[in-house]
Amino acid sequence: MVFDSIAKYSINELKDAQDRALDLFESLDIDYVAIDDVNNGLAVGICDLTEEKEELFNNYIGIDNITFENVGNIIDNFDEGEKDASKPSPMAATEIVSGVSVSDIDKSDPDDSSKKLAATIGASVSGSGTKYFVSTAHGVDVGDRFTYNINNPIGTVNKKVMSGSEGIDISLIKLNESNAKLSSKTINNKMILTSGAPITGNTVYIINGNNPVEAKIKFSSCTKVWHDSGNDDVQTYKNIIMMEPSGTRMPEGGDSGSAVVTELSNGMYNICGIYKGRSEEAGTGGKAINSQYKYMFATRWDVVSDYFNVDIY
């Protein structure tokens, strides 16, 4: 959409408008409202979009520069499956490596009770003298043990926050120093050297194995409805990253917790988020394998570091 006359809004004005939009989520079947840095306005995804819904939204919000997208059915539009974590990772359980699949040996997969809940290591961090590694919080409880190998727990969930109002889906897993040590390494033989805020338009990589998923940050601040009843996560998340695929690969169940990074000039990484999940039906014309547009979402890393008072290890 091209606007005839671009209105000028401060970031605080746009944040206020984004917050006001929460009043309309249920009545208009809104899926997401994001701050559109490029157009100095808002981007809005609505289920079964109509001109009437656009008009109601515009009149209530009271700002210009709003783009709308028909996102289809917003119910159960998330991949809730998990990887098969019944087999131990080939990675030796002596070093914490970003992008490696781990299993919660105290929880079963909500879709298959014969399997353990799988997740992916995002990054190693430290705070107040304690060493942790980071993954997502959905499906886990404080006290749960994570492992590469079921006989060798490498850490225990020490803190869990799954809060839409804070925009956080994160667990801090306290390192078991008898069985493992922290590192800044990634599974594809690179390292996470720095951290920073996400920037709209940047190319990012989701580190979930040796061949990362390539994506582009569509909006660095998005308010998004979540419908993950399997993991008791039915709420609206504020200030999370919204991404769209720019390659042919997509994340799978169990990739939750993966680091979202940008590549530095030396080939190493800057982390800007922790992958949360994906929306299967939003728009058309994407580059995913099945040619269906699939948005991906992540907790912002600057929110993680500020909330938990931790730094990259």
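**View 1. Strands β1 and β2 sit side by side in this predicted model.** Here β1 (residues 30-36) and β2 are joined by 6 bridges, and the two strands run antiparallel. To find your way along the pair, look for I35, which stands opposite L42 in β2. Between the two strands of this hairpin there are 4 residues. Keep an eye on N40 in the hairpin too, as its phi is positive, near 50 degrees.

**View 2. Strand β2 also pairs with β3.** This time the strands run parallel, with 5 bridges joining β2 to β3 (residues 66-70). A handy pair to pick out is V44 and F68, the latter in β3, which stand opposite each other. To get from β2 to β3, the chain goes through helix α3 (residues 51-61), and this β-α-β crossover is right-handed. As for β2 itself (residues 41-46), that strand is mostly covered: 6 of its 6 residues are buried.

**View 3. An open sheet is built from 8 strands.** Reading across, the order goes β5-β4-β8-β9-β10-β7-β6-β18, and the pairing is antiparallel. At the edges you'll find β5 (112-120) and β18 (311-312), each of which pairs on one side only. Zoom in on β7 (residues 130-135) and β10 (residues 168-175): these antiparallel strands are joined by 4 bridges. In this pair, S135 stands opposite S171 in β10.

**View 4. Helix α4 packs on that sheet.** The helix touches β6, β7, β9 (152-163), β10 and β18. Compare directions and you get about 55 degrees between α4 and β10. Along α4 (residues 301-308), the buried residues include W301, V303 and V304, and S305 and F308 are buried as well.

**View 5. V125 is a residue of strand β6.** The strand covers residues 123-127. Is V125 buried or exposed? V125 counts as buried because its relative accessibility is 0%. Leaving aside residues up to four places away in sequence, V125 touches T130, K131, Y132 and V134, along with L172 and L182. One more residue to look for is S183: V125 and S183 are 58 residues apart in sequence, yet their C-alpha atoms are 9.0 Å apart in space.

Technical notes. Residues numbered from 1 in each chain as written. Predicted model: local features only at pLDDT ≥ 70, side-chain atom pairs only at ≥ 80, totals over all residues. Heavy atoms only, no water. Buried < 20%, exposed > 50% of the residue type's maximum accessible area, 1.4 Å probe, protein only. Pairing = 2+ DSSP bridges. Right-handed = clockwise from strand over helix to strand, strands pointing away. Contact = heavy atoms within 4.5 Å. Axes fitted to C-alpha atoms, helices over the stretch in contact; angles between N-to-C directions.
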